[in-house]
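Visitor: I have a model open and would like to go through it with you. Can we start with how far to trust it, then move on to the details?

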Amino acid sequence: SSGRLHPPSAVRAIAQGGDVEHRVEIADEEVAIAAGYRPCGTCLRPKYRRWRADTESRKVVREAEPELRIEG
């Protein structure tokens, strides 16, 4: 499933004078994820939770990896 075009949280933020200059609407989920966007935490809560868990897992792996040092 895809997110809503105008989820209630976005409508509320806009009504309260939220910054709409940076709002992006992408029709294709695959393109959005490839571009670095995340699922909406409000209207796509299960997908957002999976994304968040995956992100935290990748963070733990990165922290466990030794740093790459380039000397020159």
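Visitor: Which helix has the lowest confidence in the protein chain, and which the highest?
Guide: This is a predicted model. Confidence is lowest in helix α1, residues 8–15, with a mean of 80, and highest in α2, with a mean of 83.

Visitor: And what is the mean pLDDT of the protein chain?
Guide: The mean is 76, and 74% of the residues reach 70 or more. Where pLDDT is low, the predicted coordinates should not be read in detail.

Visitor: What share of the residues is buried?
Guide: Of the 72 residues in the protein chain, 11% count as buried. The chain exposes about 6400 Å², and carbon and sulfur atoms supply 52% of that area.

Visitor: Which residues form the nonpolar patch on the surface?
Guide: Val24, Ile26, Val31 and Tyr37. Together they have about 330 Å² of accessible area.

Visitor: Where is valine 31 found?
Guide: Valine 31 lies in helix α2, which covers residues 29–34. Its relative accessibility is 48%, so valine 31 counts as partly exposed.

Visitor: Changing topic. How many salt bridges does the structure hold?
Guide: The count is 1. The salt bridge joins the side chains of arginine 52 and glutamate 56, at 3.7 Å from N to O.

Visitor: How are arginine 52 and glutamate 56 placed along helix α3?
Guide: Helix α3 runs over residues 45–64, and the two are 4 residues apart in it, which means that about one helical turn separates them.

Visitor: What does the side chain of threonine 55 reach?
Guide: The backbone oxygen of tryptophan 51, at 2.8 Å. Threonine 55 is in helix α3 and counts as partly exposed because its relative accessibility is 22%.

Visitor: Now the cysteines. How many disulfides are there?
Guide: The count comes to 0. A disulfide is a covalent bond between the sulfur atoms of two cysteines.

Visitor: Are cysteine 40 and cysteine 43 buried or partly exposed?
Guide: Cysteine 40 is partly exposed, with a relative accessible area of 22%. Cysteine 43 is partly exposed as well, at 23% relative accessibility. Buried would need a value under 20%.

Visitor: Where does cysteine 40 sit?
Guide: Cysteine 40 is in the loop between α2 and α3.

Visitor: And how far apart are cysteine 40 and proline 7, in sequence and in space?
Guide: They are 33 residues apart in sequence, and their C-alpha atoms are 8.8 Å apart in space.

Conventions:
Residues numbered from 1 in each chain as written. Heavy atoms only, no water. Patch = residues over 30% accessible without salt bridge, like charges linked within 9 Å, V, L, I, M, F, W, Y side chains within 5 Å. Areas by Shrake-Rupley, 256 points an atom, 1.4 Å probe, with all protein chains shown as cover. Salt bridge = Lys/Arg side-chain N within 4 Å of Asp/Glu carboxyl O. Buried < 20%, exposed > 50% of the residue type's maximum accessible area, 1.4 Å probe, protein only. pLDDT = per-residue confidence, 0-100. Disulfide = S-S within 2.5 Å. Polar contact = N/O pair within 3.5 Å; in protein donor to acceptor, adjacent residues only side chain to side chain.
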